[in-house]
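Please look over the sequence and the model below.

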Amino acid sequence: MPQVEVESFQLDHTAVKAPYVRKITIEEGPLGDKITNFDLRLVQPNEEAIGMAGLHTIEHLLAGLLRTRLTGVIDCSPFGCQTGFHLITWGEQDNTEIAKALKGALTEIAQAVTWEDVPGTTIESCGNYKNHSLFSAKEWAKLILSRGISTDPFERKVI
Ligand SMILES: [Zn+2]
């Protein structure tokens, strides 16, 4: 198999201190457009993992809650290891602004969101609509917020 270097697999997952927002890369396309790729790490790798139903509901909620707080959101998708999300945006963006938006979104999930606010929970609008838990999403959001979101993956610089 040809070897390619994937940045995420170069990161020492034992050295990081979650929760944090890490700017992974800024990449430029052939026409000069730029995108920024972020690691939104919500829980400590290899120590905790967010249950799939809660993670799934957080995913659906972040899709809207981050777009209302940030411009240029392209995609926010969960890691297979269930410890956080990739966020990809248009342009060059600052991780402190992303961390503030994430904090605001998680606060809204923890405190305000009701089941009626969760988008895409029907058989037509989701690929696994039975696998959602707003209860789990809220409990994880509260725990993540109690720990604080750092703008540095290796040192706690909580916003
Ligand atoms: Zn879904």
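At what angle do the axes of helix 2 and helix 4 cross, and within what distance do they come? The axes of helix 2 and helix 4 (residues 134–147) cross at roughly 80° and come within 7 Å. Helix 2 is therefore roughly perpendicular to helix 4 (65 to 115 degrees).

This is a predicted model, in which local features need pLDDT of at least 70 and side-chain atom pairs count only at pLDDT 80 or more, while totals for chains, interfaces and linings use all residues. Residues are numbered from 1 along each chain as its sequence is written, and side-chain values use heavy atoms, with hydrogens and water left out.

**Helix 2 and helix 4**
- Gly-54, Thr-57, Ile-58 and Leu-61 of helix 2 are in contact with Leu-134, Ser-136, Ala-137 and Trp-140 of helix 4 (heavy atoms within 4.5 Å).
- The residues of this contact comprise five nonpolar, three polar and no charged.

**Helix 2 and helix 3**
- Helix 2 (residues 52–65) packs against helix 3 (residues 95–111) at an angle of about 125°, and their axes are 10 Å apart.
- The crossing of helix 2 and helix 3 is right-handed.
- From helix 2, Leu-61, Leu-62 and Leu-65 meet Leu-102, Ala-105, Glu-108 and Ile-109 of helix 3.

**Zinc site**
- His-56 (NE2), His-60 (NE2) and Cys-126 (SG) coordinate the zinc ion at 2.1 to 2.3 Å.
- Along the chain, the donors (N, O and S atoms within 2.8 Å of the metal, or 3.2 Å for Na, K and Ca) have the spacing H-x3-H-x65-C.
- Both His-56 and His-60 lie in helix 2, four residues apart, about one turn of the helix.
- His-56 and His-60 are both buried (under 20% relative accessible area, 1.4 Å probe, protein chains only).

Conventions: Axes fitted to C-alpha atoms, helices over the stretch in contact; angles between N-to-C directions. Helix = DSSP H or I, 4+ residues; strand = E, 2+ residues; numbered from the N terminus. Left-handed = near helix turned anticlockwise from the far one by under 90°. Buried < 20%, exposed > 50% of the residue type's maximum accessible area, 1.4 Å probe, protein only. Parallel < 35°, antiparallel > 145°, perpendicular 65-115°, else oblique. Nonpolar A, V, L, I, M, F, W, Y, C, P; charged D, E, K, R; others polar.
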